[in-house]
Amino acid sequence: MLKDIISQIRSKTDFIPEIAIVLGSGLGGLLKDINIVCEIPYDELEGMPVSTAPAHEGKFVFGEAGGKRLVIMCGRVHLYEGYSARQVATPIRVMRLLGAKTLILTNASGGINKGLNAGDLMLISDQISSFVESPLRGKNTDALGVRFPDMSNAYDRDLRKEVVKIADELGIELKSGVYCQLWGPQFETPAEIKMLSSLGADAVGMSTAVETVAAVHCGFKVIGISLIANLACGLTDSPLSSEEINEAGKDAGPKIESLIKGIIKSI
């Protein structure tokens, strides 16, 4: 199936990206600074899972910025949409097979650590993915990666150091912490947040960890940046909503876009 999707993309463009980017909820503003070469909606690619989540456009964008060639996922797919972990991993593997070597993952999440506030950016230092299905279950595709990939450096240490340096140069406050993915689509209960806190999670969301497992497996160097869109359930009296998350993405857009542009230039 991956070969078929690659073949379909190659029939539309011969563009070879260096960097792959996944834009999370409300974070599509980065596109305004991209010299776009080609756009391919997911629904034009047979075998490609299609985004159904609100505020996720559902297309690959190929273009250039900061002297680098990029492939950008405008909208991801999630487990809660009914897709398997292998299907969620499909676009990640496609971007790697197209030639990209570095993956920048972004998301909007709920802050668990009391040192995090709505609007903060958190550099993901590690993750907890044991609550969700692994994209590596089943027969291993040896051409993609080894049967038992090491996850001790899932979010590349050297790249993280570089991102911290870039944020400091730009005057952007950047927190750091552990991200946990759950299935969704319901937001977590206060008891679940208390449990995750005791396990060492600083933020929680419904994406990213499955993508990171697949990315490490197929040889990507990964950077993860989480926008803390709100405080997790039980840490505030306000009910949570997807609208709140998308609005937070728009408000923090310039900050995260500036950081990503700095990362692109430095890689």
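**Charged side chains**

Author: Glutamate 173 and lysine 175 form a salt bridge, with their closest N and O atoms 4.0 Å apart. A salt bridge here is a side-chain nitrogen of Lys or Arg within 4 Å of a carboxyl oxygen of Asp or Glu. This is a predicted model, in which local features need pLDDT of at least 70 and side-chain atom pairs count only at pLDDT 80 or more, while totals for chains, interfaces and linings use all residues. Residues are numbered from 1 along each chain as its sequence is written, and side-chain values use heavy atoms, leaving out hydrogens and water.

Reader: Which residues are linked with Glu173 in a network of salt bridges?

Author: Side chains of opposite charge can pair when their charged atoms come close. Here Asp120, Glu173 and Lys175 are linked in such a network.

Reader: Which parts does the pair of arginine 69 and glutamate 18 tie together?

Author: Their side chains meet in a salt bridge (3.7 Å, N to O). Arginine 69 lies in strand E4 and glutamate 18 in the loop between helix H1 (2-10) and strand E1 (19-23), so the pair ties together parts 51 residues apart in sequence. Helices (H or I, at least four residues) and strands (E, at least two) are DSSP runs, numbered from the N terminus.

Reader: Is glutamate 81 buried or exposed?

Author: Buried means under 20% relative accessible area, exposed over 50%, and partly exposed in between (1.4 Å probe, protein chains only). Glutamate 81 is buried yet has no salt bridge. A polar atom of its side chain lies 2.7 Å from the backbone nitrogen of histidine 78.

Conventions. Lys, Arg positive; Asp, Glu negative; His and termini not counted. Polar contact = N/O pair within 3.5 Å; in protein donor to acceptor, adjacent residues only side chain to side chain.
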